[in-house]
Amino acid sequence: MTSSITQSLTIEEFLKLPETKPASEYINGDIVQKPMPKGKHSRLQLRLCNSINLIAEPPQIACAFPELRCSFGIRSIVPDIAVFFWSRIPFDADGEVPNDFLFSPDWAIEILSPEQSSNRVIGNLLYCLENGCQLGWLIDPADRSILVFRPELPPLLLRGSDRPPVLESIDLELTVDGIFEWLKMTRN
């Protein structure tokens with residue numbers, strides 16, 4: 001179960017607090033700790049991040065970051081995967097990735113854990129979309145589905161052989177079934 005602490009902190013004060021494990025998020029003035037990722041969550045996160053980066057990173061189109069804090073507006077959230085177009089990553093003078101991302105990802109991906117509130121996670125995805133994000137996915141391992149969010153379009157529930165949309169310019173062909181096949185690690 002996620003824990004929520006109500007304190008009178010500003011987002012600036014929250015960002016000065018020590019990081020927690022698992023990560024805490026600042027949502028509408030509340031501090032909410034995310035649940036500890038478990039096996040299915042971790043496996044999907046790893047494989048999806050690797051798949052995106054294999055296609056998008058070498059040509060410098062985009063980069064997927066696992067568990068990256070993104071602070072913008074009145075929230076500081078930690079999507080399971082935050083994907084940024086290369087042109088939006090504020091590399092430092094040495095060409096290194098910065099520590100702080102003070103803007104919304106271009107694509108936010110959340111993998112629902114059994115202990116999480118789906119509405120809280122959907123709220124974060126909608127907030128991202130309201131602040132410049134182009135695509136949001138809510139992956140539900142229990143239901144074997146992906147709920148897709150795009151600006152100014154109704155949510156789209158995908159299952160089976162459906163192909164979830166990805167960011168423009170990323171040549172990644174996935175099916176919902178294919179994503180969940182990553183959970184099978186034994187050979188028959």
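Mentor: Two strands pair if DSSP finds at least two bridges between them; strands (E, at least two residues) and helices (H or I, at least four) are DSSP runs, numbered from the N terminus. The model is a predicted one: local features need pLDDT of at least 70, side-chain atom pairs count only at pLDDT 80 or more, and totals for chains, interfaces and linings use all residues. Numbering starts from 1 along each chain as its sequence is written, and side-chain values use heavy atoms, without hydrogens or water.

Trainee: Which residue is the bridge partner of Ser24 in β3?

Mentor: The partner of Ser24 is Gln33. Strands β2 and β3 (residues 30-33) run antiparallel and are joined by four bridges.

Trainee: How many residues lie between the strands in that hairpin of β2 and β3?

Mentor: There are two, and Asn28 in this hairpin has a positive phi near 50°. β2 also pairs with β6, in the antiparallel sense and over two bridges; there, Tyr26 stands opposite Ser76.

Trainee: Are the residues pointing from β2 buried or exposed?

Mentor: Ser24 and Tyr26 point one way, Glu25 and Ile27 point the other way, and all are buried. Buried means under 20% relative accessible area, exposed over 50%, and partly exposed in between (1.4 Å probe, protein chains only).

Trainee: Moving on, what is the order of the open sheet of six strands?

Mentor: The order is β4-β7-β8-β9-β10-β11, and the pairing is mixed. At the edges stand β4 (62-66) and β11 (156-159), each with a single partner strand, so one side of each has no neighbour in the sheet. From one strand to the next, the twist averages 20°.

Trainee: How many bridges join β7 to β8?

Mentor: Three bridges join β8 to β7 (residues 81-85), and the two strands run antiparallel. Ala82, for instance, has Ala108 of β8 as its bridge partner.

Trainee: Which strands does helix α2 touch?

Mentor: Helix α2 (residues 39-56) packs on the sheet and touches β4, β7, β8 and β9, with its direction at about 160° to that of β4. Helix α3 also packs on the sheet, touching β8, β9 and β10, and its direction makes about 165° with that of β9. Contact means heavy atoms within 4.5 Å, while axes are lines fitted to C-alpha atoms, for helices over the stretch in contact, with angles from 0 to 180 degrees between N-to-C directions.

Trainee: Which residues of α3 are buried?

Mentor: They are Val121, Ile122, Asn124, Leu125, Tyr127, Cys128 and Leu129. Their cover includes β2 (24-27), β5 (70-72), β6 (75-77), β8 (107-111), β9 (135-140) and β10 (145-149). Just after α3, Gly132 takes a positive phi of about 105°.

Trainee: What is in contact with Trp107, its neighbours within four places in sequence aside?

Mentor: The contacts of Trp107 include Ile52, Ile81, Ala82, Val83, Cys133, Leu135 and Trp137.

Trainee: How many aromatic pairs does a search of the whole structure find?

Mentor: The search finds nine. In one of them, the ring centres of Phe65 and Phe101 are 5.4 Å apart and the planes stand at 55°, so the pair is tilted. Phe65 belongs to strand β4 and Phe101 to the loop between β7 and β8, so the pair ties together parts 36 residues apart in sequence. Rings of Phe, Tyr and Trp (its six-membered ring) pair if their centres lie within 6.5 Å; planes under 30 degrees apart are stacked, over 60 edge-to-face, and the rest tilted.

Trainee: Which residues form one aromatic cluster with Phe65?

Mentor: Phe84, Phe101 and Phe103 form one cluster with Phe65. Phe65 counts as buried because its relative accessibility is 15%, and Phe101 counts as buried at 2%.
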